[in-house]
Structures are given as structure tokens and as C-alpha cells.
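Hello,

Here is the structure we talked about. Please open it and keep it on screen while you read the notes below.

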Amino acid sequence: MKNILVEKLSLWQLFILIFIFEIGSAAVVSTGNDAKQDAWIAIGVAMVLGMGVALMYYIILSRLPGKNLFEIFQFCFGKWIGGLLTLLYILYFLYIASRVLRDFCELIVSFIFEVTPIEFIAITMVFVIMYMLYLGLEVMGRTSEVFMPYFFSFIIIIGIAVFISGEMEFENLFPILGDGFKPVMKAVFPQLLTFPFGELIAFTMIIPYATKFKKAKKITILAVVASGIMLIYNAILQITTLGVGMRARSNFPLLSSAREISLLEFIERVDLVVVFIVMFGIIIKVSVFFYGALKGLELISNRPYRMYVVPIGTILSFLSVKISDNFAEHIEEGLIVVPLFMHVPFQLLLPLMVLPVLLWKTRKSKEGRK
Amino acid sequence: MVTFLFTFILLASIGVIAMFDLFLYDRSLLAILGANIFFEKGTSQWMLYVNLLVGLIYGIVVDYRYRKSKKSSKSS
């Protein structure tokens with residue numbers, strides 16, 4: 001293979017990437033609506049299950065250290081079936097990346113640039129992502145390191161500011177588990193488990209490049225817990241500020257909550273802070289999915305992934321607009337089709353299928369060495 | 001290879017989108033494919049097609065340069 005660079009990511013960078021990735025678009029659209037006022041409990045349950053999913057991905061990767069999921073497919077199923085699975089995952093990663101990008105474009109077009117064409121927003125955003133990925137994984141890690149303090153503190157400050165503004169009504173959280181545990185479980189599977197926790201499948205392309213692979217397990221679990229806590233905080237903020245009904249109806253509940261902030265009749269309309277959080281989260285999330293797809297192309301074609309950044313990037317912006325005619329259609333597809341027909345097979349079923357084959361094959365090769 | 005994979009990924013992705021639309025909405029396959037492949041007149045979707053063209057040309061240039069460098073390394 002020619003010109004293929006081995007990139008390394010520090011454990012702190014890995015933690016930040018997972019943290020921002022998980023919050024990314026989950027902070028934009030409302031999650032766990034089926035559980036109503038218990039959405040925060042549903043997110044907590046999904047977080048615990050998400051830790052299990054992350055552990056499963058780590059177990060798969062730890063059997064062949066240094067190899068990503070696509071290389072593991074080839075090891076388990078050979079060149080052709082492994083290549084076919086890789087191709088399916090490339091399409092999956094690109095599809096999800098374009099969906100995430102569409103979330104952001106819709107937000108921008110609805111609230112900030114109301115007369116700018118969505119196509120223009122999509123193309124310019126992809127330019128930023130292409131540039132970052134062309135410079136490599138390490139640049140993505142460093143960029144997230146720089147912006148992390150702002151990202152984290154802005155989310156916390158929004159909650160505190162809404163609280164001080166007196167817009168929070170904690171009665172909205174009651175009754176806790178009023179309808180029992182069933183609505184919570186309905187919200188958890190497949191929706192909350194697959195979005196955002198199961199989407200960690202994209203990190204099977206990144207975790208092998210962590211500097212200390214053995215410690216990556218602890219870091220991944222910690223990042224899942226940290227992002228889960230942040231999402232719970234977010235859900236409580238939205239439910240107490242907007243109420244269950246308004247939260248379910250709002251396209252972008254975090255933004256609607258932030259609009260309630262009014263401090264000293266002076267600090268108002270802090271929407272841009274939310275847009276910053278969302279923009280950065282989306283850039284990282286799309287980049288990680290896009291990187292996963294590029295690594296797949298690198299493996300299939302035996303050429304460096306940088307060759308594909310520009311051509312596939314143009315496809316990404318094309319898909320993000322063509323994926324649906326309007327926001328209602330986009331959300332409908334995201335709630336009905338994507339979790340069942342894309343997330344569950346690619347995030348849970350296929351890795352679960354690979355695991356026994358991998359365990360059997362690696363045990364066989366270890367015995368052979370002995 | 002870049003051009004080939006560009007074309008393949010583009011067509012396959014359009015296929016995936018069409019499949020979901022077919023599943024969710026009561027429209028014919030041809031109508032869905034037509035809507036996904038061609039752009040609506042009077043909208044700004046032409047930008048996406050110009051962008052795709054840039055991607056295609058970039059792919060062709062990369063392939064040409066790769067082939068050229070391979071040939072020159074073989075001859076030397």
C-alpha cells in the first residue's frame with residue numbers, strides 16, 4: 001500500500017471525540033419522546049445499555065489489536081465477503097453522515113440564515129469537514145481538544161441561565177414513571193440505544209489508532225457515561241423549560257429552551273451559543289462517520305483515503321439535501337425506517353454475528369502458534 | 001479507481017434513498033428515482049450538481065496522476 005499514514009490519537013482526544021460525537025445531533029433533535037416526562041430516565045437506561053454495546057465493540061477490536069472493523073471483517077470472512085460487508089458499511093456511514101448534516105442544515109435554515117439555500121449551507125459545511133479530514137485524524141483530535149472547553153461550558157451555562165431566568169418548572173418532571181416502565185423501554189429500544197449510543201460503531205475505525213489501546217476500553221466507557229450524563233442534563237433542562245408537549249412538538253428543543261433565557265433584561269436571545277454547540281457537535285459527528293467511510297474505501301481500493309476526501313465529500317453534500325424533500329419527511333424516516341432497518345443490523349446484529357467467528361478464528365490461530 | 005468508486009457510491013446511495021422512499025411513500029420507483037437523480041427547476045439544487053461535477057473531475061485527475069506516477073516509477 002502506498003502513502004498510507006499511520007495516525008495516532010491520544011486517549012484524551014479519544015475521550016473528547018466520543019463525548020462530542022454522542023452529544024452531537026442528539027442535542028439538536030428531541031430524543032426519548034415516547035417516555036414523555038421520563039425521557040431522562042430512558043436516556044439513563046440507554047446509557048447503561050450503551051456501555052454494554054461499547055464494550056462489545058472493544059472486545060471485537062481487542063482480539064486483533066491495531067486492526068479496524070473492516071480489516072476484522074476480511075480476517076473473519078475473507079476478501080470477498082469481507083469486502084462486501086465493508087461496502088455496505090461505507091454506504092451506511094455515508095447515509096448517516098448525510099442525515100446528521102441535514103439536521104444541522106435544517107436548524108441553520110430555520111433559525112439563522114432564513115433566506116440562504118440549504119444547498120449552500122450543506123456544501124460549505126462539507127468543505128470544512130473535507131479540509132479537516134484531508135489534514136488527518138490527528139487534526140480532528142486537536143481541533144476537538146481546542147473547542148471542548150467552550151462546548152462543555154456553554155451547555156452547562158445554558159442550563160444555569162434558564163434556571164436563574166426562572167423559566168424552569170420542576171413539576172413538569174412529575175409523575176415519575178407514572179405510566180410504569182413500559183414507555184421508558186419503548187423509548188430505549190430501538191431508538192435511544194441506537195441513537196446516539198449505538199452509533200459508536202463508527203469509532204471501531206478510530207479506537208485502534210489510540211496511543212494506548214489497552215486503556216481505550218476504560219476511556220470509551222467513561223466517555224459514554226459522561227455524554228450520557230450530559231444528555232440527561234439536557235433532557236431535564238428541556239422538559240422543565242418547555243414541558244412534555246412543547247418538547248415533543250418543537251423541532252429543536254434545546255434552541256427553544258435557550259430562547260427562554262432573559263437575565264437582567266439584558267442577556268437575551270442566546271441562540272447563537274446553541275448554534276455553536278450544535279455546529280461543532282455536528283462537524284465532529286459527520287467527520288467521524290465520513291472518516292469511517294473513507295477508511296473503508298482505503299481498504300477496498302488499497303489507496304490512501306485522502307484521495308477520496310473531495311469526491312466522496314461532494315456526494316455527502318448531495319445526499320444531505322436529496323435524502324428527503326422536507327424536514328417532516330426527514331424526521332419520519334429517521335424515526336421509522338432508519339433505527340430498524342439500518343441502525344439495528346449495522347450496529348448490533350452484524351457485530352454480534354462477527355464476534356463468535358472472530359473468537360473462534362483467533363483461538364484457532366493462537367492454538368496453531370502454540 | 002477513484003472515479004469508479006465515486007460513481008458506484010453515488011449510484012448506490014441514490015438507490016438506498018430510493019428504497020426508503022419506496023417503503024414509506026406511495027410513489028412509483030421511476031418517480032422516486034427521477035426526483036433523486038434530476039434537479040428541480042427553479043430551486044438552488046443546481047449547486048449540488050456543480051459540486052458533484054467538481055468531485056468527478058477531481059476523481060479523474062487523481063486517477064490520471066496516480067496512473068502516470070505508477071508508469072513513471074515502472075519505467076525508471
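Start with the lining of the largest pocket. Its largest share comes from α12(A), with 8 residues. Keep in mind that this is a predicted model. In total, 27 residues line the pocket. Find A:Val29, A:Phe195, A:Ile331, A:Gly334 and A:Leu335, which lie nearest its centre. Four elements of chain A give two or more residues to the lining: α3 (69-111), α6 (182-194), α8 (244-249) and α12 (327-369). By type, the lining residues split into 11 nonpolar, 11 polar and 5 charged. The volume of the pocket is about 530 Å³.

Next, the largest nonpolar core. How many residues are in it? There are 161. The members that touch the most others are A:Leu14, A:Tyr89, A:Phe93 and A:Phe203. Here α3(A) gives the largest share, 23 residues. In soluble globular proteins, nonpolar side chains tend to be buried together.

Zoom in on A:Leu14. Set aside its neighbours within four places in sequence. A:Leu14 is then in contact with A:Leu9, A:Phe203, A:Ile206, A:Ile207, A:Ala210, A:Ala216, A:Ile219 and A:Thr220.

Last, the two chains. Contacts join 35 residues of chain A to 36 residues of chain B. Together the chains bury about 3,500 Å² between them. Carbon and sulfur atoms carry 75% of that area. On the chain A side, look for A:Arg303, A:Phe318 and A:Lys322. These three supply 19% of the area that chain A buries against chain B, more than any other three residues.

Best wishes

Terms used: Residues numbered from 1 in each chain as written. Chains lettered and ligands numbered in written order. Predicted model: local features only at pLDDT ≥ 70, side-chain atom pairs only at ≥ 80, totals over all residues. Heavy atoms only, no water. 1 Å grid on protein atoms, 1.4 Å probe; cavity = no way out; pocket = protein on both sides within 12 Å on 5 of 7 lines; lining within 4 Å. Points joined across faces, edges and corners; volume = space filled by probe spheres on them. Nonpolar A, V, L, I, M, F, W, Y, C, P; charged D, E, K, R; others polar. Core = buried A, V, L, I, M, F, W, Y, C linked by side-chain atoms within 4.5 Å. Buried < 20%, exposed > 50% of the residue type's maximum accessible area, 1.4 Å probe, protein only. Contact = heavy atoms within 4.5 Å. Buried area = accessible area lost by both parts, 1.4 Å probe.
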